[in-house]
Amino acid sequence: MGDIPSRSVENATAGDPGVTGRHTRGAGYGVSPSSSEPPLGGGGALPKKTKFSIETGFRGLSTAAGAMVLVIIVAIAVFLVSKAVPALQANTANFLTEKTWFPNDTEPVFGIAALAFGTVLSSVIALIIAVPIALAIALFLSHYAPRRLATPLGFVIDLLAAVPSVVFGLWGRDVLQQPVRDFSVWLNEYFGWLPIFGGEGPFGQSIMLGGLVLAIMVLPIVTSLSREVFQQTPGMNEEAALALGATRWEMIRTAVLPYGKPGVIAAVMLGLGRALGETIALALTLGITFNISFNLIQNGGNSIAANIANTFGEANATGRGALIASGLVLFAITLVVNMTARAIIYRRREFRDSAA
């Protein structure tokens, strides 16, 4: 038998039936430039991208909205600084350490120390009172209460968050002031050896009353947001904990609370932001004094926002500049609180993602 000739492309003649155009293309030479068929695979099979689409427009609109928020924040800061600088230059005391507030005098003397202290103290007291109660209510509505009870209660809590602050302030002054005064007298009688419950009176319009009113105002916000966070816990996590023999509280402690911790932190910080900026409620319930004291039951206390509301009408040009300067400090405090909350949430999310 003779040797069978090779069927390579190089040995094929023009009329050799053993080699076809399909074999030629399959040998690695690719599609000839003269072929009119489009190549398969790669990007040639995908439709060409349109110059403008709904997705592109939405992306641009979202970017512009995010940039506008930053522009507004910067504009507010620039406005506050520009209006506050003349008053700060006319001030004869250290603005950050001075406790008195006399910006309308011939030689203005004013400072932010007492106001900033009262703002932070009343807000912290409000969170100490409100956060445990809010978390308990949120857990009850999300994991204990039947649906026919949880739904209307959730609506009521959401409505409480929309009540104007002046209503809370009037209610605190006219309804809560007497019970708080009686309770303060009892605390002073039995626990007066503690500095926070000491003093000889009078009692009533105190940091305790202001913090209690703030706690009632913050309670619906923290409760509503925490409830939403707890309801988003994956059902598989809860069912796995129950399948391993955990009680309902153990399931909440091991599955619900760790998952919802970043959301709870965000809710608490949002409530803190409202407490820091509250104006009318504190203006109606505090004794309006300019001193630094940890006593919670004696008449007194003040805050930056309440001081602005009480003194803006009678302020001259320097006084208005001083009030704007105090607003700049409140703006900075709120910004620091929000940035701290975002950092905590981000670190917690990073830890959770790495653990997963």
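Visitor: How far apart are the end C-alpha atoms of helix H4 (residues 147-160), and what span should its 14 residues have?
Guide: The expected span is 1.5 Å times one less than the number of residues. At 1.5 Å a residue, the 14 residues of H4 should therefore span 20 Å. That agrees with the distance between its end C-alpha atoms, 20 Å.

Visitor: What kind of model is this?
Guide: Residues are numbered from 1 along each chain as its sequence is written. Local features need pLDDT of at least 70 and side-chain atom pairs 80 or more, while totals for chains, interfaces and linings use all residues, and side-chain values use heavy atoms without hydrogens or water, for this is a predicted model.

Visitor: Which residues of H4 are buried?
Guide: Buried means under 20% relative accessible area, exposed over 50%, partly exposed in between (1.4 Å probe, protein chains only). On the other side of H4, Arg148, Phe155 and Leu159 are exposed. The buried ones are Ala150, Gly154 and Ile157.

Visitor: Which helices do the buried residues of H4 pack against?
Guide: Contact means heavy atoms within 4.5 Å. The buried residues of H4 pack against helix H3 (113-144) and helix H6 (207-231).

Visitor: Is Asn302 buried or exposed?
Guide: Asn302 lies in the loop between helix H9 (280-285) and helix H10 (304-311). Beyond its neighbours within four places in sequence, its contacts include Ala114, Leu115 and Phe290. Its relative accessibility is 2%, so Asn302 counts as buried.

Notes:
Helices (H or I, at least four residues) and strands (E, at least two) are DSSP runs, numbered from the N terminus.
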